[in-house]
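Hello,

Here is the structure I promised to pass on to you. Please open it beside this email so that you can follow along.

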Amino acid sequence: MKVAKRTVVTIDYTLTSDEGEVIDSSSGGEPLAYLHGVGNIVPGLESALDGRDQGESVNVKVAPGEGYGERDPKLVHRATRAQFQGIDELEVGMRFQARSGNEMTVVTVVAVEGDDITLDANHPLAGVTLNFDVRIVGVRPATPVELEHGHPHGADGNHHH
Ligand code: ZN
């Protein structure tokens with residue numbers, strides 16, 4: 001069966017940066033299942049898999065605009081240590097949930113200088129070119145409930161995640 005809208009696709013994948021660093025991989029774990037055509041995965045990978053067949057391997061380079069977006073310098077904010085009550089050790093790389101309006105976003109500590117803390121609300125992979133090495137393990141029609149929910153329910157379509 002071919003990858004198309006309203007199919008659930010199961011993939012083994014390795015994601016590396018242009019520098020060859022492995023960012024994410026299903027290797028050693030469960031393959032990833034997603035509902036095709038509804039934005040479960042980044043647009044550049046979704047379009048590269050469209051029309052491909054079960055068993056095929058796909059290598060695709062995804063530019064930031066088709067991945068997690070470009071970095072927005074306006075999403076980098078200054079904060080003070082006093083805003084982090086109850087946290088003794090603030091270190092570069094720590095992530096926090098922050099509320100902005102009605103949305104929860106994840107911010108990353110990118111600099112700590114005395115009491116001045118710099119936070120970045122960009123997605124950690126914003127601005128990064130993504131190199132996907134994918135093998136299509138399985139393709140099956142989505143169930144009506146999966147289509148309604150907009151996500152897959154496990155290998156047999158019954159388990160809810
Ligand atoms: Zn569901």
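Below is what was found in it, from the whole chain down to single residues.

A word on the source before the details. This is a predicted model, in which local features need pLDDT of at least 70 and side-chain atom pairs count only at pLDDT 80 or more, while totals for chains, interfaces and linings use all residues. Residues are numbered from 1 along each chain as its sequence is written, and side-chain values use heavy atoms, with hydrogens and water left out.

**The whole chain**

The chain has 2 helices and 9 strands; these are DSSP runs numbered from the N terminus, with helices being H or I of at least four residues and strands E of at least two. Starting at the N terminus, the order is β-β-β-α-β-β-β-β-β-β-α. The C-alpha trace spans about 60 × 35 × 30 Å along its principal axes.

An automatic or database domain assignment sets the domain bounds: domain 1 covers 7-68 + 126-149, and domain 2 covers 73-120. Their centres, taken over C-alpha atoms, are 31 Å apart.

Of the 161 residues, 34% are buried. Buried means under 20% relative accessible area, exposed means over 50%, and partly exposed is in between (1.4 Å probe, protein chains only).

**The nonpolar cores**

In soluble globular proteins, nonpolar side chains tend to be buried together. A nonpolar core here is a set of buried Ala, Val, Leu, Ile, Met, Phe, Trp, Tyr and Cys residues joined through side-chain atoms within 4.5 Å. The largest one has 20 residues, and Ile11, Leu45, Leu49, Phe132, Val134 and Ile136 have the most contacts inside it. Two or more residues come from each of β1 (7-16), α1 (43-49), β4 (57-62) and β9 (130-141). The biggest share is from β9, with 5 residues. Another core lies apart from it and has 8 residues, including Ala79, Leu90, Val107 and Val109.

**Some residues to look at**

Which residues does Phe132 contact, leaving aside neighbours within four places in sequence? They are Thr14, Leu15, Val42, Leu45, Val58, Asn59, Val60 and Val62, where contact means heavy atoms within 4.5 Å.

Val58 is in strand β4 and is buried, because its relative accessible area is 2%. Not counting residues up to four places away in sequence, Val58 touches Ala48, Leu49, Arg52, Phe132, Asp133, Val134 and Ile136. Val58 and Ile136 are 78 residues apart in sequence, yet 7.9 Å apart in space, C-alpha to C-alpha.

Is Arg6 buried or exposed? Arg6 has 55% relative accessibility, so it counts as exposed. Arg6 is in the segment before β1, and its phi is near 70°, a positive value in a residue other than glycine. Most residues other than glycine have a negative phi.

Thr7, in strand β1, is buried, because its relative accessible area is 3%.

**A pocket**

Lastly, look at the lining of the second largest pocket. A pocket is an open set of points on a 1 Å grid over the protein atoms alone, with protein on both sides within 12 Å along at least five of seven lines, and lining residues have an atom within 4 Å of a point. Of the 13 lining residues, the closest to the centre are Tyr13, Asp24, Leu32, Tyr68 and Phe132. The strand that gives the most to this lining is β1, with 3 residues.

Key
On a 1 Å grid over the protein atoms alone, a cavity is a set of points where a 1.4 Å probe fits but cannot get out, and a pocket is an open set with protein on both sides within 12 Å along at least five of seven lines; lining residues have an atom within 4 Å of a point.
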